[in-house]
Amino acid sequence: TRKESSAASDVYKRQALFGLVALALVSCCLWWIAQRPYFTLKVIRIEGAEQAQLRHINPLTVRSAALARIKGNFFTANLDTVRQTFESVPWVRKATVRRDWPNQLTVTLEEHTPLGTWGEDGRLLSTKGDVFTANLAEAEEDANLLAFNGPVGSEKEVVARLNDLNEWFAPLNLSAEALSLSGRYAWTVKLSNGVTVELGREKSSTTLKERVDRLVGIYPQLLARLQDRIESIDMRYPNGLALKAQGLKVGSDSKKK
């Protein structure tokens, strides 16, 4: 019985050894094949997301710059590194990379769509609330840039509030051309007619809308009396407002909120 057990053990060991040798040979063969020049990356195809035309990204320039930083071939190139390389290019919001047999990479790029400037350092804010750095002159070719400011991390909140304000001021045929959120989270909006409106902090989810609605209701009367002399309106009072116009300053007796 011991002899049979020993013989079986030897057979198992030989089989295991043969398996390891075979696996090593297969691995070596695969490695050798993978290193063949046939699989050297020769083509990097760049396309816009959802078939969109790239407005600010030159595929030829971007491709040339990226090739110098991409290491490996079809099998060994790190796609995450390739993606990060392309996402470091100005105007690129997001990059998606895939391998196309046998020696090509296809890179799909999504561009930022500029909405306005952010802060005082020349950065841009996109329609999706992303802050990015790019040529300001190029951005101005796309749109009439608005002006935004706010604490770090508030970018998407500011864009969302812009959409709300434009909807709320629509009955007056006015829209926001500048929007600021202070460090104390108080809102200030400059309207398309040049009037600055102080809306203050949000005490509840309805605070800002209530203040805008109150202004929308009384604004035609203010406009009839003061025409284009209005410079700023402070709506941070519970039952009134403070107004500054050329040659006139009117305040409320109530305390601000």
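Which residue takes a positive phi in the hairpin of strand 8 and strand 9? I began my notebook with that one, and I kept in mind that this is a predicted model. The residue is Y185, with a phi near 65 degrees. I noted too that the hairpin has four residues between its strands.

**Entry: getting my bearings**

I stepped back to look at the whole protein. I found six helices and 13 strands. The protein has 257 residues, and 36% of them are buried. I then looked up contacts with a separation of 6 or more, and 45% of these come from residues 24 or more positions apart.

I returned to the strands around the hairpin. How do strand 8 and strand 9 run, parallel or antiparallel? They run antiparallel, and five bridges join strand 8 to strand 9, which covers residues 186-191. Here I saw L179 standing opposite V189 of strand 9.

Next I looked at strand 7 (residues 146-149) and strand 8 (residues 176-181), which are parallel and joined by three bridges. I picked out A147 and found its bridge partner in strand 8, A178. I followed the chain from strand 7 to strand 8 and passed through helix 5, residues 155-168. I wrote down that this β-α-β crossover is left-handed.

**Entry: the cores**

Which residues touch the most other members of the largest nonpolar core? My list reads F148, F169, V189, L199 and I233, in a core of 35 residues.

Leaving aside neighbours within four places in sequence, I found F148 in contact with the run of L115, G116, T117, W118 and G119. L125, V158, L162 and L179 are also in contact with F148.

**Entry: the largest pocket**

Rolling a probe the size of a water molecule over the atoms shows where empty space is left. The largest pocket holds about 280 Å³ of space. Which of its lining residues are closest to the centre? Out of 18 lining residues, I noted A52, E110, E111, H112 and T113. I also checked which element gives the most to this lining, and it is strand 3 (residues 104-111), with three residues.

Technical notes: Residues are numbered from 1 along each chain as its sequence is written. This is a predicted model: local features need pLDDT of at least 70, side-chain atom pairs count only at pLDDT 80 or more; totals for chains, interfaces and linings use all residues. Side-chain values use heavy atoms; hydrogens and water are left out. Two strands pair if DSSP finds at least two bridges between them. Helices (H or I, at least four residues) and strands (E, at least two) are DSSP runs, numbered from the N terminus. A crossover is right-handed if, with the strands pointing away from the viewer, the path from the first strand over the helix to the second runs clockwise. A nonpolar core is a set of buried Ala, Val, Leu, Ile, Met, Phe, Trp, Tyr and Cys residues joined through side-chain atoms within 4.5 Å. Buried means under 20% relative accessible area, exposed over 50%, partly exposed in between (1.4 Å probe, protein chains only). Contact means heavy atoms within 4.5 Å. On a 1 Å grid over the protein atoms alone, a cavity is a set of points where a 1.4 Å probe fits but cannot get out, and a pocket is an open set with protein on both sides within 12 Å along at least five of seven lines; lining residues have an atom within 4 Å of a point. Grid points are joined across faces, edges and corners, and a volume is the space filled by probe spheres set on the points.
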